[in-house]
Amino acid sequence: PSRVLFNMFESLLLLRKGGQVVFFGELGPEAVNLVTHFQSGGGVPEFDRKMNPATWMLDVLDAPSPPAPDFPQLYRSSAMAVAALAQLEAMRQPHSHSTAPPLPPPPSSLGPSATAAPATQTYAAPFSVQLWELGRKYFLVYWRTPDYNFSRVVLLTATAVLLGSIYLRMSTSTYAGLFSVIAAQFLAVVFTGIQNMHSVMSVVATERAVFYRERASRMYSSLSYGFVLWAVELPYILITSTFFAVILYWMVGLRHSADMFLFWWLIFFLSTALDTYLGVLFTVLLPSEQTAHVVGSVYSLVAEMFCGFMVPITAMPAMWQWLYWVNPLSWVLQAMMSTQLYCEGEGCPQTQISEDQVVAVWDWVSTTFALHYEWRWICVGVLVGAHIVVQAGTHLGLHFVCHLKR
């Protein structure tokens, strides 16, 4: 802050790297108490009254030790620390008319006679309190960010109407109609995935700088932050995926069955959520939002190429088939297409592949795209497993990765 602004403050709590207290008390007029305290240890430059106390203070703390004193130790041996400990001790004693429990012992950094916190206690608040406070904060942040949440609801709803009107009431009795039913499901998954993946990156990138600062201050753990980051997205993903599925499913004319619709919606929800959290993962791991967008675009392109829609697994070169099996989009389409087109026995729908060739729909798609109806719940398990891997990667990235340049 400027000299004028800094002198407007009455008191200052100044921490050094690692959370060590180096000053805690009243500044005095023209920050005289701060200057006197730092100069009492010797080895620091003189303070000119024309200087900005904030700038001088930071220059002093950046000076090598020696000749500069050990500022945390200088504070612990000062009268300010003794006064702060006495004040905390008085606050810890409950008043006779108060039913509130006493405050916990003060941290040992405030003075040599303070009681140390348990060695296992890294953060001031327990995990449950961290979750509660972070949850309150970020649910409020999302609620106050309508340009992100409201826009994706509107955009995805409009996309569902557009796709539904293009593939309105498609019949599988012809090859073109059958392929259109498959394409509608493919495009629904791809459009929502790309939209959610890239839109969440800007939000996470903005909050990442705040997280770095608060993590360095040990306000909360990366685990609690990652859990809240996962939970705060769920309601909006649930809403958007439900709107999209209800509109597209019935406009395209997929199977008129409640259990089939609910299963299709479940797969669509898992796919949309997975792409959203992949966007979070890329933003956490990579140095900038622009890099995350590039990597996300490359991932989407590779996933679309090797999902078995453009090039079925039966026609894919053997050396590239492993990309099909590790691709979450492959399992999404496997579950969607197999449950929507499966039929065995008499009276199953047929499609005209050519002028002189009419085959059962399920026989043709199961052979061409290597579909297995009995794998539908395996697909759910694979997608849930992919979610676990992505969340684990996000938590590890939040804990170990830091892209601050200073």
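**Burial and surface**

I looked up burial for the chain: 43% of its 406 residues count as buried, where buried means under 20% relative accessible area, exposed over 50% and partly exposed in between, with a 1.4 Å probe and protein chains only. This is a predicted model, in which local features need pLDDT of at least 70, side-chain atom pairs count only at pLDDT 80 or more, and totals for chains, interfaces and linings use all residues. I number residues from 1 along each chain as its sequence is written, and side-chain values use heavy atoms, with hydrogens and water left out.

I then took the accessible surface of the chain, which is about 21500 Å². Carbon and sulfur atoms hold 66% of that surface. The areas come from the Shrake-Rupley method with a 1.4 Å probe, and for residues only the protein chains shown count as cover.

**Overall form**

I checked the radius of gyration, taken over C-alpha atoms. The chain has 30 Å, whereas a compact globule of 406 residues would have a value near 22 Å; the globule rule is 2.2 Å times the number of residues to the power 0.38. Along the principal axes, the C-alpha atoms fill a box of roughly 100 × 50 × 35 Å.

**Charges**

I counted 20 positive and 24 negative side chains. Lys and Arg count as positive and Asp and Glu as negative, with His and the chain ends not counted. The centres of the two sets lie 11 Å apart, with each charge placed at NZ of Lys, CZ of Arg, CG of Asp or CD of Glu.

**Secondary structure**

I found 15 helices and 4 strands in the chain. These are DSSP runs numbered from the N terminus: helices are H or I with at least four residues, strands are E with at least two.

Strands β3 (residues 350-354) and β4 (residues 357-360) run antiparallel and are joined by 4 bridges; two strands pair if DSSP finds at least two bridges between them. A hairpin of 2 residues connects β3 to β4. Threonine 351 has valine 359 in β4 as its bridge partner.

**The loop between β2 and α2**

I looked at glutamate 30, in the loop between β2 (20-26) and α2 (32-39). Its phi is near 55 degrees, positive in a residue other than glycine. Glutamate 30 is partly exposed, at 33% relative accessibility.

Alanine 31 is found in the loop between β2 and α2, and its phi is a positive value near 55 degrees. Alanine 31 is buried, with a relative accessible area of 1%.
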